[in-house]
Amino acid sequence: MNKMNAFLILYFIACVGCVSNPRVKADDAATGVETSLKQDSSGRNGGNVAAIPAGARILIDVYPDAGMKYKDGYIVFPDGERILYDDGKKKSFTVMLDNSDVEDMFGMRYDTASSKPGYLSDAGRSRCEALFKKMYGKSASEVASRMETVDWFGQKIKFTKVNGASSQLGKVVAELKTKPHLAKYLKPASTFYWRNVRGAKRMSAHSYGIAIDINVKMSDYWLWANKGKGETAKILYKNRIPLELVRVFEKHGFVWGGRWYHYDTMHFEYRPEQLANKV
Ligand SMILES: [Zn+2]
């Protein structure tokens with residue numbers, strides 16, 4: 001294929017991507033297509049992989065243990081269970097959080113460059129419940145059966161083994177041990193509890209064993225300083241957690257709740273797909 005033909009094909013596919021998902025920029029869609037074409041030649045996913053949406057491509061890449069594939073609008077697991085990628089519904093900010101499909105999880109980009117999150121910038125707060133329950137467990141006992149104990153600076157905490165999350169947390173521990181000046185922020189920590197997000201109908205990431213809250217006494221939560229405010233209200237930002245600590249977690253695949261407009265600065269969550277998201 002000569003360069004011009006290749007360009008035209010990429011341009012065409014990128015534009016189709018833009019129509020189905022207005023948030024996808026043409027340059028990013030084109031990058032996703034290149035990745036898909038590479039996968040096609042390896043035969044890893046078989047079939048028409050050039051049509052894989054960028055978000056599905058990211059999930060397949062960052063959660064290899066899950067063995068996901070994308071077919072005909074669905075994320076497909078090795079046991080045949082399927083999860084719809086995009087329900088096609090236009091959603092308000094709150095509905096997108098409460099009723100997220102897989103595509104909605106990539107609707108915002110996790111911003112590691114700004115010192116303060118922009119208005120309603122909440123990348124990672126949208127979680128497709130069906131996807132998380134499929135990966136980490138559909139009940140408290142199923143999630144618990146997939147967890148192991150991690151030594152968190154002398155405190156024993158539970159974290160899921162699924163997707164290598166507990167071993168990534170182990171790398172965070174090893175690196176933070178070299179930074180004793182950060183110790184006061186780290187303990188006591190809490191991880192697993194099967195419950196909804198405070199004041200909301202959706203499940204908390206703590207239900208899946210992928211989240212850790214560090215020392216609450218050094219932390220801030222948006223509702224504490226903005227009592228009674230709704231999820232689209234303008235709110236005051238507060239944070240006391242050093243970015244040096246945050247960057248250690250991010251390096252190993254964790255997002256930080258302090259980068260959310262609806263901040264939760266004690267909260268770290270294993271979400272490598274958010275860190276890889278260029279959609
Ligand atoms: Zn938390």
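Q: By class, what does the lining of the largest cavity have?
A: Keep in mind that this is a predicted model. The largest cavity is lined by 16 residues, and about 190 Å³ of space lies in it. Sort that lining by class and you get five nonpolar, four polar and seven charged residues.

Q: Which residues of the largest cavity's lining lie nearest its centre?
A: The structure holds four cavities of 30 Å³ or more, and here we stay with the largest one. Out of its 16 lining residues, the ones nearest the centre are Arg127, Val197, Tyr221, Trp260 and Asp264.

Q: How do the residues lining the second largest cavity divide by class?
A: This cavity holds about 50 Å³ of space. Its lining includes Asp111, Lys116, Tyr237 and Arg259. By class, that lining splits into three nonpolar, four polar and three charged.

Q: How many residues apart in sequence are the parts that aspartate 213 and histidine 267 tie together?
A: The zinc ion is held by His206 (NE2), Asp213 (OD) and His267 (ND1), at 2.0 to 2.1 Å. Aspartate 213 sits in strand β6 and histidine 267 in strand β8, so the pair links parts of the chain whose separation in sequence is 54 residues.

Q: Which residues in helix α9 are buried?
A: Helix α9 covers residues 243-251. Its buried residues are covered by elements including β4, α7 and β8. Those buried residues are Leu245, Val246, Val248, Phe249 and Glu250.

Definitions and conventions: Residues numbered from 1 in each chain as written. Predicted model: local features only at pLDDT ≥ 70, side-chain atom pairs only at ≥ 80, totals over all residues. Heavy atoms only, no water. Donors = N, O, S within 2.8 Å, 3.2 Å for Na, K, Ca; no water. Helix = DSSP H or I, 4+ residues; strand = E, 2+ residues; numbered from the N terminus. Buried < 20%, exposed > 50% of the residue type's maximum accessible area, 1.4 Å probe, protein only. Contact = heavy atoms within 4.5 Å. 1 Å grid on protein atoms, 1.4 Å probe; cavity = no way out; pocket = protein on both sides within 12 Å on 5 of 7 lines; lining within 4 Å. Points joined across faces, edges and corners; volume = space filled by probe spheres on them. Nonpolar A, V, L, I, M, F, W, Y, C, P; charged D, E, K, R; others polar.
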